[in-house]
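I opened a new page for this structure.

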Amino acid sequence: MSVKIFYDLMSQPARTLVMFVRANKIPHTPCPIAMRKLEHQSEEYAKINPFKKIPAMQDGDFNLTESIAIVKYLHTKFNCPDHWYPSDPKVRARVDEYLAWQHMNTRVNVAKVFLKEVIFPRMTGTPADPADLAPDVEKMENTLDQFESYFLQDKPFLCGDDISIADLFAVNEVIQVEPTRYDTLEQRPRIKNWVGRVRETLTPELFDDVTKMIIKLKELKKSKL
């Protein structure tokens with residue numbers, strides 16, 4: 001029996017989960033949930049995820065609600081390659097370190113700029129106020145400074161020579177900079193090259209398909225310049 005994956009590709013953690021199951025060829029049933037239609041708020045979905053958040057997983061009568069927990073569960077159940085979540089305690093600790101750090105850093109500070117500068121104006125028809133955004137942009141840039149200097153450094157991937165689940169969670173946050181007016185990645189070649197390595201490792205076809213919403217928004221930005 002394949003696991004059911006409930007997702008919306010607008011969600012960064014959901015994109016990560018979809019990337020992981022597809023990269024590892026985990027048998028699964030895709031169950032798209034349209035957040036824009038508030039399908040995640042339905043009572044039917046609440047039976048899967050009482051928190052009414054995206055993503056979620058159902059494996060028979062076992063439901064799981066948090067993306068990191070889901071990825072780790074699938075990694076163990078399907079005996080995925082060790083590099084994704086290494087058995088070496090020190091390397092695994094580095095993966096866990098990033099996953100713990102991201103919540104109040106890349107997860108919050110990049111997403112806030114993306115929402116205020118890209119998504120909310122599309123929803124309301126009112127452009128973002130640069131003065132209002134300035135403190136959020138500063139926090140985002142500081143976060144990316146820390147991301148680059150502490151986690152990435154000069155390594156091919158966040159936790160060493162091989163891709164891990166930390167890279168998947170991170171890349172889906174970081175690429176949200178691209179549809180904004182800020183050329184942050186162009187000014188950060190180490191991060192830009194890392195994004196390219198993640199894309200090539202997953203295969204461009206897989207990466208581009210899962211991130212197609214970000215790519216579309218990026219192209220719309222270019223067309224307005």
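I began with a term: buried means under 20% relative accessible area, exposed over 50%, and partly exposed in between (1.4 Å probe, protein chains only). The model is predicted, so I noted that local features need pLDDT of at least 70 and side-chain atom pairs pLDDT 80 or more, while totals for chains, interfaces and linings use all residues. Residues are numbered from 1 along each chain as its sequence is written, and side-chain values use heavy atoms, without hydrogens and water.

Fold. I looked up the secondary structure and found ten helices and four strands, taking helices (H or I, at least four residues) and strands (E, at least two) as DSSP runs numbered from the N terminus. Of the 225 residues, 49% count as buried.

Salt bridges. I used this rule: a side-chain nitrogen of Lys or Arg within 4 Å of a carboxyl oxygen of Asp or Glu. It gave 19 salt bridges.

I looked up Arg-94 and found its side chain in a salt bridge with that of Glu-97 (2.9 Å, N to O). Both residues lie in helix H4 (residues 89–101), three residues apart. Arg-94 is partly exposed at 45%, and Glu-97 is partly exposed at 27%.

Next I checked Glu-117 and Arg-181, whose side chains meet at 2.7 Å, N to O. This pair links distant parts of the chain, 64 residues apart, with Glu-117 in helix H5 (residues 106–124) and Arg-181 in the loop between helices H7 and H8. Glu-117 counts as buried at 14%, whereas Arg-181 is partly exposed at 39%.

Last, I noted a network of salt bridges that includes Glu-141, Asp-145 and Arg-188.
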